[in-house]
Amino acid sequence: MDKAALVADPDGAARAGGSFASLRAYGRALAQTPRRLARRACAATAPGEETSRIRARSGPRMARALRWWDLVGLGLGGMVGAGVFVTTGRATRLYAGPGVVVSYAIAGLCALLSAFCYTEFAVDMPVAGGAFSYLRVTFGEFAAFLTGANLIMEYVFSNAAVARSFTAYLGTAVGVDAPSKWRIPVPGLPEGFNQVDLVAVGVILLISVCICYSTKESSLVNLVLTGVHVAFILFIIAMGFKHGDARNLTRPADPSRNPGGFFPHGAAGVFNGAAAVYLSYIGYDAVSTMAEEVERPARDIPAGVSGSVVVVTALYCLMAASMSMLLPYDAIDPEAPFSGAFRGRKGMAWVSNVIGAGASLGILTSLMVAMLGQARYLCVIGRSGVMPAWLARVHPRTATPVNASVFLGAYASCLARSLSRDHLLL
């Protein structure tokens, strides 16, 4: 029996956008929720349906203009954000010690195995839905909807939080107390919700315009920013190896209170550190949402997704090694390990400003890749009929999901306008 036939609505109400055509149609759809849920919860579509009939609901096709190096750049941009500048310090100080280098290698291997799964699905079914589409053809619409809703919520809130962080890191780069200087307090609003961050709003709106204009041009911008960001990271690595001391890899600052050695907390500490730093690899999944815009999916997707994870793993291991050489693991600042290590050295305070500039670029690239991915998730969810079909439309001139990009960019900018970063991350 054709699984795709299970999804068809005999009343015609389940056609893309049918439930959202009017208030009356939406009310009728709500009244039919139990019957629809029973019929469609486990109904799965066929891969061929996803790439043909369902894709056609977007109208014009997305332009197949990306190559494997574009995907590598998007993967690097999505993964190498500001998070590594914090997670490395926490994992080193609290769990793994200098063995955090091995922790990053283990986490990188796990990320690579997961990337292989995304790659296999993306090659077999090159559509823009990512995990939503993969679940829809395997476990059915209900599991796909829950996952898609969680992914959209995660992307919107995290993008708003990351944009707020950009203001703080940019302030560090230029030596300005950004929260007090660049955020406008609004009287009468509750504490934590009363600071308008115009820089964060401007960044989100600017990136929204960029991703609406062209995916290929967005990829080129990302490649340039990522290249500069990687140059900053290589500079930090070189400074760490140049000014570090190999004895710090085995000797704590306070031997009477903390164990020594390269693995001060044993294998358990290394694996706990791997679990902590795995967050730094999040972002490669967004690359799989670009499958519909890849010129040659069978060749470019495996090289792009897997290649980006391998390069990022090498950079992370080198960063962890250089930081562990700069200071004993029990003297590392868990909140700002790299900038803190250089701030305490005579004549090296300027390196902290360089780190702030590098982190700012990392935030821009990770934000751009995340917004590209979230727009494509929402576009394909719109194709499925569980959200308005208007969100699934692809603009005929730009060949991008403009409606989904504008909607999510506006929503994220509203969140970033007045909420504090801590409230967004709760």
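Of the 426 residues of the protein chain, 53% count as buried, where buried means under 20% relative accessible area, exposed over 50% and partly exposed in between, with a 1.4 Å probe and protein chains only. This is a predicted model, in which local features need pLDDT of at least 70 and side-chain atom pairs count only at pLDDT 80 or more, while totals for chains, interfaces and linings use all residues. Residues are numbered from 1 along each chain as its sequence is written, and side-chain values use heavy atoms, with hydrogens and water left out.

The secondary structure of the protein chain comes to 19 helices and 2 strands; helices (H or I, at least four residues) and strands (E, at least two) are DSSP runs, numbered from the N terminus. Among contacts between residues at least 6 apart in sequence, 81% join residues at least 24 apart, a contact being a pair with heavy atoms within 4.5 Å.

Which residues does Ser103 contact, leaving aside its neighbours within four places in sequence? Ser103, which is found in helix 7, is buried with a relative accessible area of 0%, and its contacts are with Ala96, Gly269, Val270, Gly273, Ala274 and Val277.

The axes of helix 7 and helix 15 come within 9 Å and cross at roughly 170 degrees, where axes are lines fitted to C-alpha atoms, for helices over the stretch in contact, and angles run from 0 to 180 degrees between N-to-C directions. That makes helix 7 roughly antiparallel to helix 15, since angles over 145 degrees count as roughly antiparallel, under 35 as roughly parallel, 65 to 115 as roughly perpendicular and the rest as oblique. The residues of this contact divide into 21 nonpolar, 5 polar and no charged; Ala, Val, Leu, Ile, Met, Phe, Trp, Tyr, Cys and Pro count as nonpolar, Asp, Glu, Lys and Arg as charged, and the others, Gly among them, as polar. In helix 15 itself, 21 of the 30 residues are buried, so it is largely enclosed by the rest of the structure. Its 30 residues should span 44 Å at 1.5 Å a residue, and its end C-alpha atoms are 43 Å apart, which agrees.

Helix 12 (residues 215-243) holds Val230, and Thr215 is also placed in helix 12. Thr215 is buried, with a relative accessible area of 6%, and, not counting residues up to four places away in sequence, touches Leu66, Met290, Glu293, Arg376 and Thr400. Val230 counts as buried at 17% relative accessibility, and its C-alpha atom is separated by 8.5 Å from that of Val80, 150 residues apart along the chain.

Turning to charged pairs, a search of the whole structure finds 8 salt bridges, a salt bridge being a side-chain nitrogen of Lys or Arg within 4 Å of a carboxyl oxygen of Asp or Glu. In one of them the side chains of Glu295 and Arg67 meet at 3.7 Å, N to O. Glu295 lies in the loop between helix 14 and helix 15 and Arg67 in the loop between helix 4 (47-51) and helix 5 (68-79), so the pair ties together parts that are 228 residues apart in sequence. Glu295 counts as partly exposed, at 39% relative accessibility.

Another salt bridge joins the side chains of Glu141 and Arg136 at 2.8 Å, N to O; Glu141 counts as buried at 7% relative accessibility, and Arg136 is buried with a relative accessible area of 2%. Salt bridges that share partners join Arg67, Glu295, Arg299 and Asp300 into one network.

Technical notes:
Expected span 1.5 Å × (residues − 1).
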